[in-house]
Amino acid sequence: MRPGTVFYNPMRILHGSIALLDEDDAPGITSPDYVAMSAVKGTLHQRWFYHWFRSPAGAEFIKSLTRGAVRERLLFNRLAQGEIPVPAWPAQLAAATQFREIKRTRAAIQARLAALEKMPAMLLRAAFSPANGAGR
């Protein structure tokens with residue numbers, strides 16, 4: 001996979017099995033069970049499409065195209081037949097920029113929360129270390 005790829009598992013599409021390999025993510029590989037798609041620059045922004053695909057509107061679109069008796073699935077040939085309302089490129093680009101900023105902000109907050117989670121143990125270690133006279 002290369003950055004900008006949107007992919008999904010056709011057999012688990014209604015269970016949130018949709019992902020985006022964004023520009024700041026490391027390239028990798030995925031299961032051959034997944035459908036991998038690339039957007040067309042200037043026409044469809046991959047980050048906008050990913051968030052739309054995971055939105056309630058995207059879920060309704062997916063439900064309208066899925067087929068299956070036991071498990072709903074969405075093969076790429078059915079997806080390719082669907083039509084979605086796509087905003088003008090500048091609107092997609094503006095939304096995609098905001099989505100990227102939200103992702104970065106979330107990552108920064110998660111890093112701070114992880115550091116805060118470690119603080120009680122660090123404080124206890126410091127309080128009971130020999131340098132602080134503990135254990136005398």
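This report walks through a sheet, a helix and some ring pairs in a predicted model.

## Ground rules

Local features need pLDDT of at least 70 and side-chain atom pairs count only at pLDDT 80 or more, while totals for chains, interfaces and linings use all residues. Residues are numbered from 1 along each chain as its sequence is written, and side-chain values use heavy atoms, with hydrogens and water left out.

## The sheet

Let's start with the strands. Three of them make an open sheet, ordered S2-S1-S3, with antiparallel pairing. Strands here are DSSP runs of E with at least two residues, helices are runs of H or I with at least four, and both are numbered from the N terminus. Two strands pair if DSSP finds at least two bridges between them. Strand S2 (18-21) and strand S3 (35-38) sit at the edges, each pairing on one side only. From one strand to the next, the twist averages 25°; axes are lines fitted to C-alpha atoms (for helices, over the stretch in contact), and angles run from 0 to 180 degrees between N-to-C directions.

Strand S1 (residues 5-8) is joined to S3 by four bridges, the two running antiparallel. Thr 5 faces Ser 38 in S3, and Val 6 stands opposite Met 37 in S3. Buried means under 20% relative accessible area, exposed means over 50%, and partly exposed is in between, using a 1.4 Å probe and protein chains only.

## Helix H1 on the sheet

Helix H1 (residues 46-53) lies across S1, S2 and S3, and runs at about 165° to S2. Seven of its eight residues are buried, so H1 is largely enclosed by the rest of the structure. The buried set is Gln 46, Arg 47, Trp 48, Phe 49, Tyr 50, Trp 52 and Phe 53. These residues pack against S1, S2, S3, helix H2 (56-65), helix H3 (76-81) and H4, where contact means heavy atoms within 4.5 Å.

## H1 meets H4

The axes of H1 and helix H4 (residues 89-127) come within 8 Å and cross at roughly 75°. That makes H1 roughly perpendicular to H4 (65 to 115 degrees; under 35 is roughly parallel, over 145 roughly antiparallel, the rest oblique). H1 brings Arg 47, Trp 48 and His 51 to this contact, and H4 brings Gln 92, Ala 95, Ala 96, Thr 97, Phe 99 and Arg 100.

## Aromatic pairs

How many aromatic pairs does the structure hold? There are six. Rings of Phe, Tyr and Trp (its six-membered ring) pair if their centres lie within 6.5 Å; planes under 30 degrees apart count as stacked, over 60 as edge-to-face and the rest as tilted. Phe 7 and Tyr 34 pair edge-to-face, at 5.9 Å centre to centre with 70° between the planes. This pair links distant parts of the chain, with Phe 7 in strand S1 and Tyr 34 in the loop between S2 and S3, 27 residues apart. Phe 7 counts as buried at 13% relative accessibility, while Tyr 34 is partly exposed at 29%.

Tyr 8 and Phe 53 have ring centres 5.9 Å apart and planes at 75°, so this pair is edge-to-face. Tyr 8 in strand S1 and Phe 53 in helix H1 are 45 residues apart, again linking distant parts of the chain. Both are buried: Tyr 8 has a relative accessible area of 0% and Phe 53 of 1%. Ring pairs also link Tyr 8, Trp 48, Phe 49, Trp 52, Phe 53 and Phe 61 into a cluster.
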